[in-house]
Amino acid sequence: MAIGSGLGAQIGLAPEVTYGTFVAPTVFPEFTKHSLMLKKTTAQSQGIAANRLMALSSRRVVTQREVSGSIDLEVANKGMGLLLQALMGTTVTPVQQGVTTAYLQTHTLADTWGKSLSIQAGIPMTTGVVTDKSFTGCKVVSAEFSCEVGGMLTSTYEIDGRDCSEAQTLAVASYTPASPFHFGQMGLRTGSFGAETALDGVRKVSVKIERPQAVDRFYANQSALKAQPISNDLVKVTGSLEMDYVATTVDDLHTSDGATSLVWEFIGPNIASTYDETFRIKLPAIKVDDAPPTVDGYQVVRPTFNFQALYDGTNPVAIEYMSTDTTV
């Protein structure tokens, strides 16, 4: 029996071969919370029957089923590939670095068609029995990464799904020892693409990647379930930098509306040779939108610069992930 609280919970992931068809989980990330749930649309008959004062239970129908919610987790040095692939859209094969145990995943922006997941949640009752909720057709519609002074690199994945079943067998969770990336490993560089230099004074960084999709594709002959969502707008990448006002580098970009490349990275322990555990987001062109520095009392001036990432015409937005994972 499991512990009858959130201590006994689990999340499992697997890539789907066919959208909406359950695949038993193979990867079990350690998570901090999730809000995945079945949403149903119902219709109640308004039919009149002589002297009946309440709506009839048998005349309520379910007209649509879908899944929504989010998963929060710390970004770890192993096991992140499936979620990154579902977010970015590129089919990734980890590339071995030399003859070492280090493998590099490079996730660049691509259409997310066909990148759906089965996500199985184990939710404990107070009795210690863990109930199964298996969500199918799960597409990542956005993800936000954040890290601040003294904290870990955290992420939130927003999910749109097709259906939920409680008839699957709950998989036995297995965990590979992993460590989270954290502020002590964080670096941020700006400048010309490929020649960025360290930016001083940075206290907090967040980056959000949004993948707009038509999630309302409900048709006849689909048994109240949606067809696979289709990308229906440009990808939006935004973020913010909270920093002490140690230099005018970012402030000048706000004034001029100039562009700079931004590299946000976490470098962990060495794997082998010159290859270290790495999580890196590369934004080849960002523009600062607002929030130049102002003074509010005696404290150190600490502006938060909000920015938008744009395509520089040559280099794609990318997430690089170096680990010992040989598969995503």
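Which side chain makes a polar contact with the side chain of Asp244?

A: It's Arg302: its side chain and that of Asp244 make a polar contact at 2.6 Å. A polar contact here is a pair of N or O atoms within 3.5 Å; within protein, one must be able to donate a hydrogen and the other to accept it, and residues adjacent in sequence count only if both atoms are side-chain atoms.

A quick word on the model: it is predicted, so local features need pLDDT of at least 70 and side-chain atom pairs 80 or more, while totals for chains, interfaces and linings use all residues. Residues are numbered from 1 along each chain as its sequence is written, and side-chain values use heavy atoms, with hydrogens and water left out.

Back to Asp244, which sits in the loop between β16 (236-243) and α2. Helices (H or I, at least four residues) and strands (E, at least two) are DSSP runs, numbered from the N terminus. Asp244 counts as buried because its relative accessibility is 19%, and buried means under 20% relative accessible area (1.4 Å probe, protein chains only). Leaving out residues up to four places away in sequence, Asp244 touches Gly201, Arg203, Val300, Val301, Arg302 and Pro303, where contact means heavy atoms within 4.5 Å.

The elements on either side of that loop turn up again elsewhere. α2, spanning 249-256, joins β17 (260-272) and β18 (275-290) in each giving at least two residues to the lining of the largest cavity. A cavity is a set of points on a 1 Å grid over the protein atoms alone where a 1.4 Å probe fits but cannot get out, whereas a pocket is an open set with protein on both sides within 12 Å along at least five of seven lines; lining residues have an atom within 4 Å of a point. That cavity holds about 30 Å³, and Val250 and Leu253 are among its lining residues.

β16, for its part, supplies at least two residues of the lining of the second largest pocket, and so does β19 (304-309). That pocket has about 280 Å³ of space. Its lining has 13 residues, and Leu109, Val235, Ala309, Leu310 and Tyr311 lie closest to the centre.

Stepping back, the chain has two helices and 20 strands, and buried residues make up 44% of its 328 residues. Of its contacts with a separation of 6 or more, 70% come from residues 24 or more positions apart.

Key. Grid points are joined across faces, edges and corners, and a volume is the space filled by probe spheres set on the points. Buried means under 20% relative accessible area, exposed over 50%, partly exposed in between (1.4 Å probe, protein chains only).
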